[in-house]
Amino acid sequence: MRLKTLTLLLCALAAQAPACGGADAPRGADAPRAAATPAPAQTPSPAAAPHAGAAACALLAGEEMREVQGEAPADAQGSEHLAGALAASQCFYRLPTFAKSVSLEVVRAAQGAPADAARDYWRRRFHPEAVEARERERELKEERERERERALKRERAAGQVREGGHGEKEEEEGGGEDDEEARPERVSGLGEEAYMTWNRRAVTLHVLKGGAVLRLRLSGPEERPARLRKAAALASKALARL
């Protein structure tokens with residue numbers, strides 16, 4: 001009896017002792033450890049997102065290109081750049097017949113820029129007052145060129161032509177008929193507004209949709225109406241994914 005009483009007394013005084021089954025009794029060397037809680041997966045930062053150029057390259061499928069151009073792209077090269085308040089995503093679809101290749105660009109407001117930056121760009125590019133201003137500038141340039149031609153004829157008549165004089169001047173200014181684009185022509189049935197520009201080498205289709213401007217450039221051996229039909233077919237497919 002005395003032994004039992006003594007044991008109970010010791011347990012009361014030392015509740016931590018293993019013999020008393022204390023809750024905080026030290027574990028033995030072989031006691032299992034608590035499993036470590038795995039760290040939560042981190043969300044990728046915006047910088048780790050796919051390159052913006054890839055977004056433009058995803059707007060047209062290879063089979064769609066084959067339907068319109070007769071060939072599927074050999075590859076697609078994407079890129080992106082900033083220009084003031086605008087961010088542009090570009091893709092060049094290179095076809096086996098290089099002359100059939102297609103260039104696609106999507107312009108939107110850059111991060112932190114006003115939401116209507118792309119629409120403002122559209123107004124400056126295609127609204128009547130902007131077009132008229134460019135037309136006046138083009139007419140002035142053409143008048144300067146005509147005046148140089150008249151001066152050249154006068155010099156020839158007077159025997160005063162210097163070798164390479166005017167030709168060098170024209171080369172310095174650069175440009176040429178192949179680089180000149182005609183006055184924008186309205187195109188119906190695409191986006192909110194659409195215009196076509198062209199030169200001898202290519203047709204370019206410009207389409208406004210929401211806060212984005214899509215621009216598709218298509219070259220090839222066809223005449224301008226056929227190029228426009230093909231550009232419109234491709235643009236409608238891209239707009240569906242925009």
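I began with Phe98, which in this predicted model has a relative accessibility of 54% and therefore counts as exposed, the cut-off being over 50%.

I then looked up the aromatic pairs, and a search of the whole structure gave four of them.

I checked where Trp122 and Phe126 sit, and found both in helix 4 (residues 117-126), separated by four residues, which is about one turn of the helix. Both Trp122 and Phe126 are buried. I also recorded that ring pairs connect Trp122 and Phe126 with Tyr195 in a cluster.

My next entry concerns helix packing, where I took helix 3 (residues 62-69) against helix 7 (residues 224-241) and noted an angle of about 160° with the axes 9 Å apart. Because angles over 145 degrees count as roughly antiparallel, helix 3 and helix 7 are described in that way. Their crossing is right-handed.

For the contact itself I listed Glu64, Met65, Glu67, Val68 and Gln69 from helix 3, facing Lys230, Ala233, Leu234, Lys237 and Arg241 from helix 7. Sorted by class, this contact of helix 3 with helix 7 comprises five charged residues, four nonpolar ones and one polar one.

Key. Residues are numbered from 1 along each chain as its sequence is written. This is a predicted model: local features need pLDDT of at least 70, side-chain atom pairs count only at pLDDT 80 or more; totals for chains, interfaces and linings use all residues. Side-chain values use heavy atoms; hydrogens and water are left out. Axes are lines fitted to C-alpha atoms, for helices over the stretch in contact, and angles run from 0 to 180 degrees between N-to-C directions. Helices (H or I, at least four residues) and strands (E, at least two) are DSSP runs, numbered from the N terminus. Angles under 35 degrees count as roughly parallel, over 145 as roughly antiparallel, 65 to 115 as roughly perpendicular and the rest as oblique. A crossing is left-handed if the near helix is turned anticlockwise from the far one by less than a right angle, and right-handed if clockwise. Contact means heavy atoms within 4.5 Å. Ala, Val, Leu, Ile, Met, Phe, Trp, Tyr, Cys and Pro count as nonpolar, Asp, Glu, Lys and Arg as charged, and the others, Gly among them, as polar. Rings of Phe, Tyr and Trp (its six-membered ring) pair if their centres lie within 6.5 Å; planes under 30 degrees apart count as stacked, over 60 as edge-to-face and the rest as tilted. Buried means under 20% relative accessible area, exposed over 50%, partly exposed in between (1.4 Å probe, protein chains only).
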